[in-house]
Amino acid sequence: ETAIPICAKDISDDLMKEFAFLSGGRGKDKAWIITLPDNARFNEVPEEIVSKVLTYLTSVPSQHESDTKFILILDRRLDTWTSVKMTLQKIAASFPGNLHLVMVLRPTGFFQRTFTDIGFRFSQEDFLLKLPVVMLSSVSDLLTYIDEQQLTPEFGGTLEYCHSEWVIFRTAIESFALTVKEIAQMLQSFGTELAETELPDDMYSIERILALRTEKYYQLKEDITAVTKEGNLLLSSFEEPDAGECSQDQHCERPGDWETVNRLLGQLHEMETAFDGFWEKHQLKMEQYLQLWKFEQSFQEVKNAIEFLMAQQAELPDTGDSVPQVKQRLKDLGHLDGMAQDLIGKAQVVILHGHQLAANHHYALNLICQQCNELRHHSDVLSDEIKKKQMRLQKTLDLHTRLQQALQCCDEGAYLLANQQMDKCQSKEGAQKALQDIERFLESSSAYLNYDPQALHYDFEVVLTSELKCQIQSVQVKLENVRSMFENRQACFKKLLDKHVRPVQLVAPRPENPPRSKSPLFSPKHGKMFLMTACSSSHCIPFLFQIEVMHDYQEKRNSLQSFISDSDDNLDILKGHVINELIETERVYVEELFTVLTGYRAEMDNPAMLVLMPPMLRNRKDVLFGNMPEIYDFHNKIFLHSLESCLGAPERVGFCFLDRRQDFQMYEKYCQNKPRSESLWRQCSESTFFQECQRKLEHKLGLDSYLLKPVQRLTKYQLLLKELLKYSTSCDGVQELQEALVAMLDLLKSVNDSMHQISITGYD
């Protein structure tokens, strides 16, 4: 059975009875001396208490030594033999240690001494079996066994001893030892908490835990400092003997109490040192964990942003069908590139942070280096992809620009030929001047007219798509046709110069008209709209529309056609011109509708422009613009793309109009609303609101001119279809072109009829 160690605090009252004490003296064989002073009431002390006190006294030196022996000095000079016998019996029954010798100072009274001698003689054999007992007659006999320096003054010795002080010191020492033990347990518990507690996933909680642990660490440090101060104060209460003062003949022993306190202070210092080292490593690891968490957060954010930009740039095509489209895509890509550069800069900051962590020997060195390399790889891939796409788009733009320049050169050449007044070219001088004009044009345009398709294919091979190849082929055909036209015209004029014969006069319609200002060959006005108001005495009939087709469009075409034979190749040239004009004017028309809707209609909902708007105009944009948004959506999303698909397939133009004939009925609704729109415009046309919108758009014409665009566009379709039909007599799709022309003419008539119908009022 393991007994719980006895503490001085637990038996302090029994110790203070001083029926036994440990003075610190030792015998010649280094046995510790326990003294039982003369105490008449010793035999009244319960055996249990005697056992506890003796157990405690023997345990004190046993803490420092193994195989501890004890000498018992039993002072019974004033006692009786009966008391001595009972005391020896108690000791024999309950002494807990290795009892080396019992020295009894026998009673000094005559009778008691006699009784003691006789009783001891008869009982000696019994005692010797249990205790080695020596009967001493006087203190001087005691000095023959023990040096006087190891005896207290009552035995003629010089060893100073105060029992009450000893009890106090023992209580303080044991209290200090218990405190040191509690400190050790607290440090062990704190270390277990640090090792076993799982860390949360959010940075705020991690920082909070680190702050709380740091606070607890400093609190423990304060406790250790306080206990160390207490131990040093206790240690200073004991006198450490100087070893130099002890002669070789003297037996010098360091007091056990001093040893105990000094040993406990050493343990406390070792614990503090170990605790500081553990905390330093733990704090470094916690700080590195927090740094890693922040680094990984930044890494993931930048990585996700790079992947998002990669997806965006992947969605952006690296080619285009026209110069504006490619320029817009280059602009969009430039915007993405700016965002990418900012993002790559952030990635560099994260990588630099990772390198700093690695340089400081972070525990997650391999993971940090791996993520830095991954981020660097993603940044390089994003930058390279954008550069490749920019290169391809720029090369595509260069190709489109060259093709556009070639087409422009063809149009200018055709315009030059069409505008040569043949009545003035009948003379030698006129023919010579016309020939010089042609030669000058051919010389200035040789770079465009003499494009080598093989060279184009070689230079732009990396960006060529099937659509671009078709465009190159189309431009090449057009260039060949224009060169052929110039060769025919040159041959004609040279023939005039050689033979000096007046050729058959080719008369253009109304040649007496003054020369027109230079404009694209196939971009004249095709029609006019006349607004007429008829007022009666009671009310005004609102704005009848009469759509009139003008014939001046034919003038230039007749001049050019007169010099082109009816061969299939030459008809294809003219047909290509008409289709190009149809598509280009459609793009311009869509762009104009867009600027009106965004620059005027959307501004009517702008709170900043509300103060400039007349009260009668507010909430009436549907009256002013009618169903123009519906018309814009149809042309922008559907019809323009249908026409562009006919660029390499002219026979499909008729199908485009026929497939969408029902959609064109929306123009009837627009024209029916036009009188209301015109009325509202006249009332508000001078307002600051319209002037400010026009200034922002930098339009030279007012809004009323743009509100006429849908009606003007409707008249132009039938003109272009007539021209296209003229040059498609023997081609596929002629039947559909004829039906499309009829459909558009029917639409114009339907619009006119509906306008007349809404002008009739006063009848069911």
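Start by selecting Cys671, which is buried at a relative accessible area of 1%. Buried here means under 20% relative accessible area, with exposed over 50% and partly exposed in between (1.4 Å probe, protein chains only). Before you go on: this is a predicted model, where local features need pLDDT of at least 70, side-chain atom pairs count only at pLDDT 80 or more, and totals for chains, interfaces and linings use all residues. Residues are numbered from 1 along each chain as its sequence is written, and side-chain values use heavy atoms, leaving out hydrogens and water.

Next, click on Cys684, another buried residue, at 2% relative accessibility.

Now jump to strand S2, residues 32-36. Strands (E, at least two residues) and helices (H or I, at least four) are DSSP runs numbered from the N terminus. Five of the five residues in S2 are buried. Colour by side: Trp32, Ile34 and Leu36 sit on one face, Ile33 and Thr35 on the other, and both faces are covered.

Look for Leu22 opposite Ile34 in S2. The two strands make a hairpin with five residues between them, and Lys30 in the turn has a positive phi of about 65°.

Last stop: S3, residues 69-75, running parallel to S2 with five bridges. Pick Leu74 in S3 to find the bridge partner of Leu36.

Conventions. Pairing = 2+ DSSP bridges.
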